[in-house]
Amino acid sequence: MDGAGQRENPAGAVFSYHRAVAPMLWVLLGLMVVETSVVHLLVALWSPRAALVLSLLSLATIGWFILFIRSFRDHPVRIGPDGLVWPVGKLRSLSIPWSQVAGLRDDWTLADLKAAGLFNGALVAHPNVVIALDPPAKAGRRTIRYLAHRLDDPVAFIAAFSACASASAAPCRAAGALPSRDCRPRSAP
């Protein structure tokens, strides 16, 4: 996984996802706060020291989660001349060269994608953009065949992706996957 923690925006188009993904994570954070408060009150009845330790750990986790959600704004999805950068805030990011991009998918179900190998940048949100990879990317021991994300402006992303991929990725053009949103497997050379 390349690019995790990068803040610079090299030449190319950038697409935000914080308005689509962050609200659900803020709700999750609120639920975390309520749940940990109840747990801390119950633990405090049993052991004040244990409650203090648990409170410090919970505050650190909540602080990390807030910083993670806020990092979405600083780490947008990028389309560049070399390929795609597909981040999930500061947590992780994949850099995919154009030679691995097969095209956009519009005929998918989330269960099928997860079974095939999915890098879902949308986290708890339902993705609105899916990209097929051929050959698949490696992320540690995982094999990634699809990239998914919930972008704030998927129409602009699709237009920029099609334009950049058509200009940069001859394999995608040869497969007939671009500029349409249909993704067909590439033929063997």
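How many of the 5 residues of strand E5 (residues 101–105) are buried?

1. In strand E5, 5 of the 5 residues are buried, so the strand is largely enclosed by the rest of the structure. Here buried means under 20% relative accessible area, exposed means over 50%, and partly exposed lies in between (1.4 Å probe, protein chains only). Helices (H or I, at least four residues) and strands (E, at least two) are DSSP runs, numbered from the N terminus.

2. Please keep in mind that this is a predicted model, in which local features need pLDDT of at least 70 and side-chain atom pairs count only at pLDDT 80 or more, while totals for chains, interfaces and linings use all residues. Residues are numbered from 1 along each chain as its sequence is written, and side-chain values use heavy atoms, with hydrogens and water left out.

3. E5 pairs with strand E7 (residues 129–139) in the antiparallel sense over 4 bridges, where two strands count as paired if DSSP finds at least two bridges between them. Within this pairing, valine 101 has leucine 133 of E7 as its bridge partner.

4. A search of the whole structure finds 2 salt bridges, a salt bridge being a side-chain nitrogen of Lys or Arg within 4 Å of a carboxyl oxygen of Asp or Glu. One of them joins arginine 105 to aspartate 107 at 3.1 Å, N to O; arginine 105 is buried at 16% relative accessible area, whereas aspartate 107 is partly exposed at 48%.

5. Arginine 19 forms a salt bridge with aspartate 152, with the closest N and O atoms 3.7 Å apart. Because arginine 19 lies in helix H1 (residues 18–46) and aspartate 152 in the loop between strand E8 (142–149) and helix H4 (154–168), the pair ties together parts that are 133 residues apart in sequence. Arginine 19 is exposed, with a relative accessible area of 57%, and aspartate 152 is partly exposed at 23%.

6. The axes of H1 and helix H2 (residues 48–70) come within 9 Å and cross at roughly 175°, which means that H1 is roughly antiparallel to H2, a description that applies to angles over 145 degrees.

7. An open sheet is formed by 4 strands in the order E1-E2-E3-E4, with antiparallel pairing. Strand E1 (13–15) and strand E4 (92–97) stand at the edges with a single partner strand each, so one side of each is left without a neighbour in the sheet. Strand E3 (residues 83–88) and E4 are joined by 6 bridges, and tryptophan 86 stands opposite leucine 94 in E4.

Technical notes
Axes are lines fitted to C-alpha atoms, for helices over the stretch in contact, and angles run from 0 to 180 degrees between N-to-C directions. Angles under 35 degrees count as roughly parallel, over 145 as roughly antiparallel, 65 to 115 as roughly perpendicular and the rest as oblique.
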